[in-house]
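Hello,

Here is the structure you asked to take over. My notes on it follow below.

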Amino acid sequence: MDLKFITDRRCEEAIVLECIGDGVVTIDLDMRIRYMNRAMRELLGYEQDKLLGQPLSCHFLVQGSICSTQDCILERAIRNREKVRNYETVIQNKEGRKIPVSLNTDLLWDETGNLIGIVETYRDLSQINELKAKLERQAHPAARGPLIGRSKALQRILDVLPQVANSKATVLIQGESGTGKELVAREIHRLSPRRDQPFVAVNCAALAEGLLESELFGHVKGAFTGAIADRPGRFEIAHKGTLFLDEIAEISPMAQAKLLRVLQEEAFERVGGNKTVKVDVRVVAATNKDLTAQTQERRFRDDLYYRLQVFPIRVPPLRDRREDILPLIEHCMARLNRVMGKSVRDVDGPTLQVLEAHHYPGNVRELENIMEHAFIRCPDHSLRLDHLPEYLTAEKRGCTSAGEAGVALADLEREAISRTLEQTDWDYRSACRQLGISRSTLLRRIKLYKMSRAGQSK
């Protein structure tokens with residue numbers, strides 16, 4: 001095989017490629033585009049004849065988040081002679097619209113075994129992502145966006161988000177790992193006038209200090225070894241939209257100074273460049289660190305700190321909003337039933353007690369992982385103790401008299417609630433007043449006992 005067939009749409013191979021629904025691009029070893037099929041041309045809005053043979057045209061065409069860097073998927077595939085499978089990324093069409101895609105690559109060899117090029121296939125994930133979001137909304141019509149819970153602490157956050165979303169003020173979201181800080185940021189974007197523009201997320205802790213500045217602000221060709229072309233940074237990609245900076249406490253002093261300037265002047269220069277780039281970006285930052293202490297220790301600029309926390313939001317840990325555990329369990333069950341094709345209907349009583357009593361140092365993310373583990377092990381319709389991760393069941397086995405007292409206390413609580421409801425003829429207001437608990441807590445306990453009985457009867 002050689003590459004000459006791809007310039008002739010009349011040949012048999014090209015006719016087949018023109019008919020398939022996924023976008024197909026063929027590139028030679030010099031990273032020049034040699035062919036684009038009909039689906040790819042329609043996806044990107046380019047005519048093939050204007051791009052064929054242009055040097056490095058794939059970088060200008062696709063403009064993915066890692067193009068023109070040493071981590072470029074295509075260059076790495078050629079360098080390491082490896083295939084890429086189902087790599088999800090975002091590409092950009094001629095009009096600047098961001099398109100989520102799944103990328104696969106295959107290598108092209110000639111008859112003598114020499115590598116001569118690479119074939120990429122792009123599958124548009126836009127409709128799939130929209131359907132996933134729609135199914136999620138249908139599964140949880142009472143949920144406000146992607147945030148699940150009934151606790152007063154979470155409701156206070158949800159109540160203020162529409163007001164925050166309608167402003168351009170920077171937001172600083174603080175909370176432990178796994179509490180859902182990115183979900184809060186995405187909800188702010190979804191409710192804002194920028195909802196139809198890009199939401200770009202950057203994990204500042206995942207990038208080495210030398211790469212973070214280039215990732216945020218972009219670079220020009222020749223700025224450093226491996227910078228083989230101009231590349232826009234995340235600020236430019238997020239133009240008119242929202243940029244979410246996770247783990248903001250991890251950025252270097254130099255990046256802090258440059259970030260402060262962007263927030264003040266909405267302008268910056270790419271790494272290695274001298275041309276000022278103007279952007280319109282709403283910045284939402286998040287951290288699990290105490291930034292007040294960081295500023296006192298001179299590890300974080302105090303002027304940047306005050307710029308970021310124009311509107312601070314603190315997401316409480318799951319252990320401080322235990323009313324949300326049961327709704328989250330129900331949410332996870334609905335989602336995992338759909339994803340795994342199962343029909344798990346309930347959680348038995350002892351298992352619910354363990355899940356509600358656990359401390360959750362990993363917060364909501366830990367609960368989601370626990371539920372996924374239990375679903376994998378569950379062969380029928382009810383989750384039981386032996387389906388939970390071993391460390392949870394070990395905690396239960398390790399309970400001494402204090403743990404047994406806790407079980408006894410739960411039984412006493414159940415009896416007290418049942419007796420009070422009977423005495424008040426199931427008048428929730430009177431029962432809550434006598435028991436000294438809120439209506440939401442009473443309803444949650446009633447539902448918990450019903451699920452417990454249903455699980456025990458199986």
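To begin with a pair of charged side chains: Arg-38 forms a salt bridge with Glu-42, and their closest N and O atoms are 3.3 Å apart. Both residues belong to helix α2 (residues 38-44), where they sit four residues apart, about one turn of the helix. Arg-38 counts as partly exposed because its relative accessibility is 30%. Glu-42 has a relative accessible area of 57%, so this residue is exposed. Please keep in mind that this is a predicted model.

Other salt bridges

The count of salt bridges comes to 27. Side chains of opposite charge can pair when their charged atoms come close. In helix α7, Glu-187 and Arg-190 are three residues apart, about one turn of the helix, and their side chains meet in a salt bridge with an N to O distance of 2.7 Å. Glu-187 has a relative accessible area of 3% and is therefore buried, while Arg-190, at 42%, is partly exposed.

Asp-324 and Arg-321 also meet through their side chains in a salt bridge, at 2.9 Å from N to O. Here Asp-324 is buried, with a relative accessible area of 0%, and Arg-321 counts as buried at 3% relative accessibility. A network of salt bridges links Lys-168, Arg-194, Lys-240, Glu-266 and Asp-280.

A lysine without a partner

Lys-181 lies in helix α7 (residues 181-191). Lys-181 is buried but has no salt bridge, and the nearest side chain of opposite charge, that of Asp-246, is 5.3 Å away. Leaving aside neighbours within four places in sequence, the contacts of Lys-181 include Ile-173, Gln-174, Phe-244, Asp-246 and Ala-286.

Strand β6

Strand β6 covers residues 171-174; Val-171 and Ile-173 point one way, Leu-172 and Gln-174 point the other way, and all are buried. β6 runs parallel to β11, and four bridges join them. Ile-173 has Ala-286 of β11 as its bridge partner. Four bridges also join β6 to strand β12 (residues 311-314), again in parallel. In that pairing, Val-171 is the bridge partner of Phe-311.

Helix α10

Helix α10 has 13 residues (253-265); at 1.5 Å a residue they should span 18 Å, and the end C-alpha atoms are 18 Å apart, which agrees. Among the buried residues of α10 are Ala-255, Leu-259, Leu-260 and Leu-263. The buried residues of this helix pack against several elements, including α8 (209-217), β8 (242-246), β11 (282-287) and α12 (302-308). Just after α10, Glu-266 takes a positive phi of about 55 degrees; Glu-266 is also one of the residues in the salt bridge network.

Nonpolar cores

Which residues touch the most other members of the largest nonpolar core? In this core of 31 residues, they are Phe-235, Leu-245 and Ile-248. At least two core residues each come from β7 (199-203), α8, α9, β8, α10, β11 and α12. α10 supplies the largest share, five residues. Not counting residues up to four places away in sequence, Ile-248 touches Leu-172, Leu-259, Ala-286 and Phe-300, among others. There is also a second, separate core of 25 residues, and Ile-325, Leu-336, Val-347 and Ile-370 are among them.

Regards

Technical notes:
Residues are numbered from 1 along each chain as its sequence is written. This is a predicted model: local features need pLDDT of at least 70, side-chain atom pairs count only at pLDDT 80 or more; totals for chains, interfaces and linings use all residues. Side-chain values use heavy atoms; hydrogens and water are left out. The expected span of a helix is 1.5 Å times one less than its number of residues. Buried means under 20% relative accessible area, exposed over 50%, partly exposed in between (1.4 Å probe, protein chains only). Contact means heavy atoms within 4.5 Å. Two strands pair if DSSP finds at least two bridges between them. A nonpolar core is a set of buried Ala, Val, Leu, Ile, Met, Phe, Trp, Tyr and Cys residues joined through side-chain atoms within 4.5 Å. Lys and Arg count as positive and Asp and Glu as negative; His and the chain ends are not counted. A salt bridge is a side-chain nitrogen of Lys or Arg within 4 Å of a carboxyl oxygen of Asp or Glu.
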